[in-house]
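Welcome, and thanks for having the viewer open. Let's take a short walk through the model, one selection at a time.

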Amino acid sequence: MSFLFACVFGGYLMTGGSLAVVFEAMPHELLTIFGAAIAAMLIAGSIYNVKKIVGGLGQTISGPRWKPGDFRDLLCLLFLLTRP
């Protein structure tokens, strides 16, 4: 993804474009793009899919289910179980 941004913005800069113009228009452009995407999802998707998407967003915001300590405990358990 960073390669994509480097190519797009690098090409824009090499042709003499000014990033100040891009940054000035960014909030309005993002509102338009994301608004259209959300509206298309609501119009085209079933209520089941919309509920699943909203639930998935909630899980994404709440963070991972497993904490680093859980992975450490699992590795210790696996070590004890597989030790001769």
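Start by selecting F9, which is partly exposed at 29% relative accessibility. Keep in mind as you look around that this is a predicted model.

Buried, exposed or in between: where does F5 fall? With a relative accessible area of 41%, F5 is partly exposed, because that class runs between 20% and 50%.

Now show both side chains together. The structure holds one aromatic pair, and F5 and F9 are the two partners. Their rings are stacked, with 6.2 Å from centre to centre and 15 degrees between the planes; the angle counts as stacked because it is under 30 degrees.

Select L4, F5, V8, F9, V22, A25, M26, E29, L30 and I33, and you have its lining. The space inside the largest pocket comes to about 180 Å³.

Which helices supply the lining of the largest pocket? Colour α1 (2–14) and α2 (19–44), and you will find that each gives at least two residues to it. The largest share is that of α2, with six residues.

For a last stop, colour the lining of the largest pocket by residue class. Nine of its residues are nonpolar, none is polar and one is charged. Look for E29 in the lining: Glu counts as charged.

Notes
Residues numbered from 1 in each chain as written. Predicted model: local features only at pLDDT ≥ 70, side-chain atom pairs only at ≥ 80, totals over all residues. Heavy atoms only, no water. 1 Å grid on protein atoms, 1.4 Å probe; cavity = no way out; pocket = protein on both sides within 12 Å on 5 of 7 lines; lining within 4 Å. Points joined across faces, edges and corners; volume = space filled by probe spheres on them. Helix = DSSP H or I, 4+ residues; strand = E, 2+ residues; numbered from the N terminus. Phe/Tyr/Trp six-rings, centres within 6.5 Å; stacked < 30°, edge-to-face > 60°. Buried < 20%, exposed > 50% of the residue type's maximum accessible area, 1.4 Å probe, protein only.
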